[in-house]
Amino acid sequence: MALAGAYDGLAARWDADAGRVYRPLGRALVAASPIPLNAQLVVDVGSGTGAVAEAAAARGARVVVADRSTGMVAHPAGRTWPAVAADARALPFRPATFDGALAGFVVNHLHPGPALAEMARVVRPGGAVLASTWAAGADPVKAAVDAVVVSWGWVPPAWYVAMKTEVLPISGVASALAAAAHQSGLGDVQASVCHPHLGLRDPRAVVAYRLAVPHIAPWLATLDRRARVELTRQAVRAVTLPREGWRPAVIILTARVAGQSSRGAAARSSADA
């Protein structure tokens, strides 16, 4: 899939628009950690502009970020987390380097097994591996925006079609994602569908997120300003949000690396700090 390149030029807009969705989703992922993250060394895999990293740091974790897109991992310049450009399936870290590995909406872009196995490899025994994905099934909010975009001539890129047909049957089904985690050697695996409260009650915020995603944003940029404004207006009119705001269906997976207990891993990490 030609995915990393699709993100390279989107960092600023992604942080401003998609970030309004991914930041609360990042907090939901971090809150599910089976181990305390305070003073723990964690890696945010496929970090984007740092939504999960922010949430982990707010819990007191020491964070390293990794993303295949250099444009994403370098934005914004003011953040001071150690950062590397790296594929989730080939992380440039020694085995058992971290107390935890987190991946917010990353393993739904590629076959989950190899990425989960690589996350497990770099986490110490007893440490945690966490991942979130979009649950399979039609989302009326996304579908409303996508219908407007299609009416303007958008055609899904090949990598996105492949992701939906080849990866989603695993990443978007809790039982299948849990099975992939088990096959990757992880233990204490839990995967379930939830509907996090994003705090988004304004259709304009949801539309801004959807138009910033990498399978739509590059195409949208080919339209002139007047067309983009009109398309956005139509999309906002098409979206109907429930009273409590948009609460999309997501899967949160938590697991542990086999071996030493989390208490021992935490004590060792604190001693290393």
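**Reading a sheet and a helix**

Biologist: In what order do the strands of the open sheet stand?

Modeller: The open sheet has 7 strands, ordered β3-β2-β1-β4-β5-β7-β6, with mixed pairing. Strands (E, at least two residues) and helices (H or I, at least four) are DSSP runs numbered from the N terminus; two strands pair if DSSP finds at least two bridges between them. The edge strands, β3 (83-85) and β6 (186-194), each pair on one side only. This is a predicted model, where local features need pLDDT of at least 70 and side-chain atom pairs pLDDT 80 or more, while totals for chains, interfaces and linings use all residues. Residues are numbered from 1 along each chain as its sequence is written, and side-chain values use heavy atoms, without hydrogens or water.

Biologist: How many bridges join β1 and β2?

Modeller: Strands β1 (41-45) and β2 (62-67) are parallel and share 5 bridges. V45 stands opposite A66 of β2.

Biologist: What length should helix α11 span?

Modeller: The expected span is 1.5 Å times one less than the number of residues. For the 14 residues of α11 (225-238) that gives 20 Å, and the end C-alpha atoms are 20 Å apart, which agrees.

Biologist: Which residues of α11 are buried?

Modeller: An α-helix has 3.6 residues a turn, so residues three or four places apart point the same way. In α11, A227, L231 and A235 are buried (under 20% relative accessible area; exposed is over 50%; partly exposed lies in between; 1.4 Å probe, protein chains only). They cover an arc of only 70° (directions from the helix axis to the C-beta atoms), which puts them on the same side of α11. The face turned away from that side carries exposed R225, R226 and R237.
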